[in-house]
Amino acid sequence: MALLEIKNLHVALEDGSEIVKGVDLAVDLGEKHAIMGPNGSGKSTLAYALMGHPAYTITNGQILFGGEDVTKLGADERAQRGLFLAFQHPHAIPGVTVTSFLRSAINAIRKARSGGEDDPIPIPEFRKELESAMGTLKVSRELASRYVNDGFSGGERKRVEVLQLAMLKPRIAILDETDTGLDIDALRIVAGGVNSLVGADMGALLITHYQRLLNYVEPDFVHVFMQGRIVAEGGPELAKQLEAEGYEMFSSNGAGGGEAA
Ligand SMILES: Nc1ncnc2c1ncn2[C@@H]1O[C@H](COP(=O)(O)OP(=O)(O)OP(=O)(O)O)[C@@H](O)[C@H]1O
Ligand SMILES: [Mg+2]
């Protein structure tokens, strides 16, 4: 059994409209999965539902993490178990610096893992890890001392998200649209971060429209997502085919018609 198993997942919005219409997906440690699909097909909705965002209701199906049913757990409880979502539109957190945000997030996870007892990371250990990750990801001291996402450029946000990945060490990382607005250097850094982090202790689910990110992060599995469902699956060659031919070819076989997305 894979670490993350999604079974027949259906997700509806608060008004009851169903956006995700029965998704089966398994992501294990050491694997890179890409979900590609047109605008409005429900990719971010799937990601939010996986993280337990309260605006997205799971109306059917299950999310299993390490064999445990986490479908009804809150976002914090999922994060403590090692699920991580880099948001497509991350919120600014005025008054909280990147550094103090990372330290609080690490300490919250450590506390949950030691059965509710405070177990803060020793400051020298935190500093050492942070400096090493900042070096690798080319995050400047100036950026780390600013308030989270407050006036960050698109590229800066993404670097800080990958810094979060490196510091929080989730077991399954979900990255939504990480290539949006990245210049080529930032794209390489983000991809390099993902490539170096995915391994025996981490698997990743990358949600993207573009082949571009996938030139740097070679996925093991590609899932084509249309109108709330996975309509095709394959290896990296599928992403290249999509880039060349578009989503049209999938809209008539099994996706339920050619409704504009
Ligand atoms: N909180 C919300 N309130 C209202 N509508 C929503 C909400 N979240 C998602 N939707 C709608 O659900 C549909 C799917 O949106 P979603 O963001 O999941 O698509 P996506 O595949 O991530 O698209 P993109 O590629 O543009 O990021 C869209 O029609 C969107 O407007
Ligand atoms: Mg989206």
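This is a predicted model: local features need pLDDT of at least 70, side-chain atom pairs count only at pLDDT 80 or more; totals for chains, interfaces and linings use all residues.
Q: What makes a residue count as buried in this structure?
A: A residue is buried if 20 or more other C-beta atoms lie within 10 Å of its own.

Q: Which residues of α6 are buried?
A: Arg 157, Lys 158, Arg 159, Val 160, Glu 161, Val 162, Leu 163, Gln 164, Leu 165, Ala 166 and Met 167 are buried in α6. Each therefore meets the cut-off of 20 or more neighbouring C-beta atoms within 10 Å.

Q: Why is α6 described as largely enclosed?
A: Eleven of its 15 residues are buried, so the rest of the structure encloses most of α6. The cover over these buried residues includes β6, α3 (98-113) and α4 (123-137). It also includes α5 (141-144), β9 (172-176) and α7 (184-197).

Q: What follows α6?
A: Lys 169 comes after α6, with a positive phi near 45°.

Q: What makes β1 and β4 a pair?
A: Seven bridges join β1 (residues 4-12) to β4 (residues 57-65), and the two strands run antiparallel. Pairing needs at least two bridges, so β1 and β4 qualify. Ile 6 has Ile 63 in β4 as its bridge partner.

Q: What makes β1 and β2 a pair?
A: Here too there are seven bridges, in the antiparallel sense, with β2 spanning residues 18-27. That is at least two, so the strands pair. Ala 12 is bridged to Glu 18 in β2. The hairpin of β1 and β2 has five residues between the strands, and Gly 16 takes a positive phi near 95° there.

Q: How do you know that β4 and β5 pair?
A: Two bridges join them, and they run antiparallel. At least two are required, so β4 and β5 meet the cut-off. Phe 65 stands opposite Glu 68 in β5.

Q: Why are β2 and β5 called edge strands?
A: The open sheet has four strands in the order β2-β1-β4-β5, with antiparallel pairing. β2 and β5 (68-69) each pair on one side only. Helix α1 lies across β1, β2 and β4, at about 65° to β2.

Q: What makes the pairing of the six-stranded open sheet, and what is its order?
A: The order is β6-β9-β10-β3-β11-β12, and the pairing is mixed. Its edge strands are β6 (83-86) and β12 (229-234), each pairing on one side only. The twist averages 20° from one strand to the next.

Q: How do you know that β3 and β11 pair, and in which sense?
A: Four bridges link β3 (residues 32-36) and β11 (residues 221-226), in the parallel sense. At least two would do, so they pair. Met 36 stands opposite Val 224 in β11. Helix α9 (residues 236-245) packs on the sheet and touches β3, β11 and β12. The direction of α9 makes about 45° with that of β11.

Q: What makes up the shell around ligand 1, by class?
A: Three residues are nonpolar, eight polar and two charged. The shell holds 13 residues, and the closest are Asn 39, Ser 41, Lys 43, Ser 44 and Thr 45. Helix α1 (residues 43-51) gives the largest share, three residues.

Note on methods:
Residues are numbered from 1 along each chain as its sequence is written. Chains are lettered from A and ligands numbered from 1 in the order in which they are written. A residue is near a molecule or strand if its C-beta atom, placed from the backbone, lies within 6 Å of it. Ala, Val, Leu, Ile, Met, Phe, Trp, Tyr, Cys and Pro count as nonpolar, Asp, Glu, Lys and Arg as charged, and the others, Gly among them, as polar. Axes are lines fitted to C-alpha atoms, for helices over the stretch in contact, and angles run from 0 to 180 degrees between N-to-C directions. Two residues are in contact if their C-beta atoms, placed from the backbone, lie within 7 Å. A residue is buried if 20 or more other C-beta atoms lie within 10 Å of its own, exposed if 12 or fewer, and partly exposed in between; C-beta atoms are placed from the backbone.
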